[in-house]
Amino acid sequence: MEPQLLDTVADGIATVVIHHPAKRNAMTAGMWRALPPLLDRLAADPAVRALVLTGEGGTFCAGADISTLRGSPDEAQRLAVLAEEALAAFPKPTLAAIRGHCVGGGAQLAAACDLRFAREGALFGITPAKLGLVYPASSTRRLVSLVGPSTAKYLLFSGELIDAERALRTGLVDEVLREGELADRVEEFTRVLVSRSRLTQAAAKEFANGRTDRDAHWAEQARGSGDTAEGVAAFLERRPPRFTWPV
């Protein structure tokens, strides 16, 4: 099978699989180009309530396919940044499910997700210093916001890999699961996401990402959505809420 991004939608969850097992799911130029329109399509699908990004088999993503850097490193980096920004801007909750190596462009994609769950034994690294590349400013700022300046400098200056436990301590990942537990935990947690208010999630995502010009917009959305009344009623009636606000 050619290197590609595979996607499915089931029970409100879109799953995008990075599929390039011959090179540990390294991202080719074509795969970088394919991600933004794929995300646009999934964002527009009313059946999609959340998105999981993962890799084929036992590896998340070993980075960019180095062969793509031979011709035009600047173009390869531009494509990676466009894909990263499209993922960060996805209007619904996103979660990276990480096994094995999450390195270079793979770490760039994982950092662009809202949440990251990893299996024990996963390894993380950001490796431009091994290739003489300048890591993009936007990607650097996103990394610093996750792990702080010191850990970001450790990763960027050295290109060294860190294990899942250290990634958890520094904030690079949110949960670390034992062998065999990652898929079940991701399924369980995404069911929780699907059951919650999309209004709350969409507003919280914008606020957490630093947007400061939409307070009035979200206050108006809250007043007209009916989600608050439904949430309170469901709590008092001891039943699951039926939230209806659309993204």
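**Figure 1. Contacts of Phe207 in a predicted model.** Phe207 touches Asp215 and Trp218, leaving out residues up to four places away in sequence. The structure shown here and in the other views is a predicted model. Phe207 belongs to helix α7, which covers residues 198-208. Its relative accessibility is 39%, so Phe207 counts as partly exposed.

Figure 2. Four residues are linked by salt bridges here: Glu206, Arg211, Asp213 and Arg214. Across the model, the count of salt bridges comes to 18. Side chains of opposite charge can pair when their charged atoms come close.

**Figure 3. The six-stranded sheet.** The sheet is open and its strands run in the order β1-β2-β3-β4-β6-β9. Pairing within the sheet is mixed. Strands β1 (4-10) and β9 (175-177) stand at the edges. Each has a single partner strand, so one side of each lacks a neighbour in the sheet. On average, neighbouring strands are turned by 20 degrees against each other, direction ignored. Strands of a sheet pair through backbone hydrogen bonds, either parallel or antiparallel.

Figure 4. Strand β6 (residues 115-119) pairs with β9 in the parallel sense. Three bridges join the two strands. Within this pairing, Phe117 stands opposite Glu175 of β9. Helix α3 (residues 105-112) packs on the sheet. The helix touches β2 (13-19), β3 (50-55), β4 (94-98) and β6. The direction of α3 makes about 140 degrees with that of β4.

**Figure 5. Arg185 and Glu175.** A salt bridge joins Arg185 to Glu175, with the closest N and O atoms 2.8 Å apart. Arg185 sits in helix α6 (residues 182-195), and Glu175 in strand β9. The pair links distant parts of the chain, 10 residues apart. Glu175 has a relative accessible area of 22%, so this residue is partly exposed. Glu175 is also the residue opposite Phe117.

**Figure 6. Surroundings of Glu84.** Glu84 is part of helix α2 (residues 73-88). With a relative accessibility of 1%, Glu84 counts as buried. Neighbours within four places in sequence aside, Glu84 is in contact with Gln108, Leu109, Ala112, Ser139 and Arg142.

**Figure 7. Arg142 and Glu85.** The side chains of Arg142 and Glu85 form a salt bridge, at 3.3 Å from N to O. Arg142 lies in helix α4 (residues 137-158) and Glu85 in helix α2, so the pair ties together parts 57 residues apart in sequence. Arg142 is buried, at 18% relative accessible area. Glu85 counts as partly exposed, at 30% relative accessibility. Arg142 is also among the contacts of Glu84.

**Figure 8. Asp65 and Lys23.** A salt bridge joins the side chains of Asp65 and Lys23, at 3.3 Å from N to O. Both partners sit in loops. Asp65 is in the loop between β3 and α2. Lys23 is in the loop between β2 and α1 (29-44). The two residues are 42 residues apart, and their pair links distant parts of the chain. Asp65 is buried, with a relative accessible area of 7%. Lys23 has 40% relative accessibility and counts as partly exposed.

Technical notes
Residues are numbered from 1 along each chain as its sequence is written. This is a predicted model: local features need pLDDT of at least 70, side-chain atom pairs count only at pLDDT 80 or more; totals for chains, interfaces and linings use all residues. Side-chain values use heavy atoms; hydrogens and water are left out. Two strands pair if DSSP finds at least two bridges between them. Helices (H or I, at least four residues) and strands (E, at least two) are DSSP runs, numbered from the N terminus. Axes are lines fitted to C-alpha atoms, for helices over the stretch in contact, and angles run from 0 to 180 degrees between N-to-C directions. Contact means heavy atoms within 4.5 Å. Buried means under 20% relative accessible area, exposed over 50%, partly exposed in between (1.4 Å probe, protein chains only).
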